Amino acid sequence: SANGAFMSPNKQTDWLVLNVGGKLFSTTRSTLVGKETDSMLARMFSCNREGSDRWNNSMDESGAFLIDRSPRYFEPILNYLRHGELILDPDVNPRGVLEEARFFGIQPVVDILELRIQKEEPPGDLSPLT
Amino acid sequence: SANGAFMSPNKQTDWLVLNVGGKLFSTTRSTLVGKETDSMLARMFSCNREGSDRWNNSMDESGAFLIDRSPRYFEPILNYLRHGELILDPDVNPRGVLEEARFFGIQPVVDILELRIQKEEPPGDLSPLT
Amino acid sequence: SANGAFMSPNKQTDWLVLNVGGKLFSTTRSTLVGKETDSMLARMFSCNREGSDRWNNSMDESGAFLIDRSPRYFEPILNYLRHGELILDPDVNPRGVLEEARFFGIQPVVDILELRIQKEEPPGDLSPLT
Amino acid sequence: SANGAFMSPNKQTDWLVLNVGGKLFSTTRSTLVGKETDSMLARMFSCNREGSDRWNNSMDESGAFLIDRSPRYFEPILNYLRHGELILDPDVNPRGVLEEARFFGIQPVVDILELRIQKEEPPGDLSPLT
Amino acid sequence: SANGAFMSPNKQTDWLVLNVGGKLFSTTRSTLVGKETDSMLARMFSCNREGSDRWNNSMDESGAFLIDRSPRYFEPILNYLRHGELILDPDVNPRGVLEEARFFGIQPVVDILELRIQKEEPPGDLSPLT
């Protein structure tokens with residue numbers, strides 16, 4: 001288990017590392033599982049009765065869980081799971097975050113971003129969405 | 001102790017590393033504890049009589065203290081603790097820094113940012129705060 | 001093989017790391033090969049009958065495949081291969097992504113970006129394209 | 001000495017690494033000492049007669065010199081020491097660089113930035129400087 | 001030699017790593033030497049008859065060649081050497097790239113940037129060039 005790698009005198013928290021597209025994110029299992037219990041992330045990182053990974057997630061050499069997605073657009077989603085607010089910097093394209101929210105199944109973030117993108121686009125605009 | 005990892009001929013400073021969401025920040029205990037003595041950071045890193053960690057903070061494999069928060073928005077807060085000025089780049093959403101300031105209990109930064117965000121929002125604006 | 005370095009209890013995925021200009025990207029062979037089957041990336045990372053690399057790609061010390069190109073402009077292309085949308089942040093020059101799309105032979109991205117850049121440039125503009 | 005870690009067939013240069021707030025900067029002693037001879041950086045990294053560090057600077061495990069400051073705002077200052085021009089990107093807050101210039105005692109940079117910030121602020125503006 | 005560190009079944013390419021101011025760039029000798037044959041980079045990395053480094057370039061512990069310059073502004077120059085186009089993002093100050101182009105002796109990039117900066121500045125503007 002990757003968690004054995006950490007010296008955690010504080011037993012309440014259960015630390016893990018995600019390798020999202022090559023960038024490492026340190027977080028806790030409760031952040032990933034606790035807030036959006038129906039999301040893919042919650043299902044990926046919830047434990048079964050034996051306490052082992054049900055999903056057989058792939059790990060890199062350092063014990064981080066591999067996820068083949070964009071780290072840049074994952075970041076605001078992880079922050080949302082930490083404190084419940086979706087916060088985007090002005091230099092981040094909200095469509096990128098929307099793709100990740102759909103992939104990870106974080107429905108409240110999908111709803112916020114679809115509304116926001118809809119507002120920004122004039123009706124009848126058929127240009128490529130890039 | 002993580003500090004044993006450093007060769008510190010200069011005994012006055014007490015270096016430590018924070019792993020905030022996967023990014024490492026090098027700083028000193030006096031920066032974290034000295035300026036905002038009532039903040040969560042000060043409480044986390046102040047020593048008890050025996051000089052050991054009272055809070056049993058979790059550490060990663062390298063001995064860095066794990067904090068499950070956003071590194072991007074933590075950075076201006078750490079700079080504030082270093083020199084007392086809150087400085088944000090134009091591409092940083094102040095709401096992100098506000099969330100961290102609240103979490104870490106840095107009240108002067110909370111006050112500055114709440115005032116600033118209030119000014120930028122027209123009254124009666126009910127749009128999602130993202 | 002670099003893939004031997006990963007503990008992959010989930011046998012369906014075939015993880016690899018690209019070292020693009022010095023930055024590491026974690027992804028899967030199916031992402032690189034599956035969507036744009038005629039691209040250079042697909043040809044570089046498709047396996048022959050023996051399951052070994054046909055192209056004798058160079059690897060760095062960690063087993064990542066070396067590609068002598070820009071990591072910054074490669075990132076949106078890799079995301080496109082992951083989910084089929086081309087998403088650029090406002091602080092990214094689309095010409096940089098176009099150069100990489102041409103190099104890697106991702107024709108749909110080339111088409112989208114050429115159209116977009118053409119629209120932004122007034123006809124008769126002869127200024128340097130930087 | 002940290003410099004013993006480098007294979008330097010070229011004896012003229014004296015390479016060292018700074019760990020500024022957790023980010024590593026490779027540079028030479030002559031860059032830090034040569035241009036602004038009265039700065040704190042020059043004093044920190046000038047050698048005494050025996051050729052050893054007079055200041056007993058703290059080092060991290062890799063032998064990099066620890067400095068408890070912002071890496072983002074230190075970067076343009078290090079570039080200034082390299083070639084004598086102060087160059088800021090549009091997404092960098094000049095106040096952040098000013099704080100570092102004052103801390104490191106790089107007076108020409110302090111002067112340029114104080115003038116520049118003064119110009120940008122309308123007289124009588126009493127809003128928080130963030 | 002640093003190149004011995006790479007497993008390169010493909011003998012045509014000659015991979016090396018540059019440590020520019022602390023950031024690592026992976027590239028090939030042919031990129032550095034082939035396009036701008038009179039540049040300092042070409043002279044630094046061309047081999048003599050014995051195939052060894054003529055310039056006795058300094059290397060860091062990992063075998064990367066040390067260059068005491070800005071990584072941020074070096075990046076578009078390396079991309080230029082890769083494909084012949086100078087591409088700048090909107091958040092990059094062209095003056096920073098110009099300084100590096102002059103240092104490395106990449107004359108076409110110097111010419112493009114001097115023209116571009118000249119156009120942007122109104123004549124008679126005597127303000128600091130930062």
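Student: Two strands pair if DSSP finds at least two bridges between them. How many bridges join β1 and β2 of chain D, and in which sense do they pair?

Tutor: Strand β1(D), residues 15–20, and β2(D) pair over 6 bridges in the antiparallel sense. Strands here are DSSP runs of E with at least two residues, helices are runs of H or I with at least four, and both are numbered from the N terminus. This is a predicted model, where local features need pLDDT of at least 70, side-chain atom pairs count only at pLDDT 80 or more, and totals for chains, interfaces and linings use all residues. Residues are numbered from 1 along each chain as written, chains are lettered from A and ligands numbered from 1 in written order, and side-chain values use heavy atoms, without hydrogens or water.

Student: Nice. What stands opposite D:V17?

Tutor: D:S26, in β2(D).

Student: And the sheet as a whole, what's the strand order?

Tutor: β2-β1-β3 in chain D, an open sheet with mixed pairing. β2 (23–28) and β3 (65–67) are the edge strands, each pairing on one side only.

Student: Which helix packs on that sheet?

Tutor: Helix α3(D), residues 71–83, touches β1 and β2 of chain D (contact is heavy atoms within 4.5 Å). Its direction makes about 10° with that of β2(D).

Student: Switching to chain A: at what angle do α4 and α5 cross?

Tutor: Roughly 150°, with the axes of α4(A) (94–104) and α5(A) (107–120) coming within 9 Å. Axes are lines fitted to C-alpha atoms, for helices over the stretch in contact, with angles from 0 to 180 degrees between N-to-C directions. So α4(A) is roughly antiparallel to α5(A) (the term covers angles over 145 degrees).

Student: Which residues meet there?

Tutor: Among them, A:V97, A:L98 and A:A101 of α4(A), and A:V110, A:L113 and A:I117 of α5(A).

Conventions:
Parallel < 35°, antiparallel > 145°, perpendicular 65-115°, else oblique.
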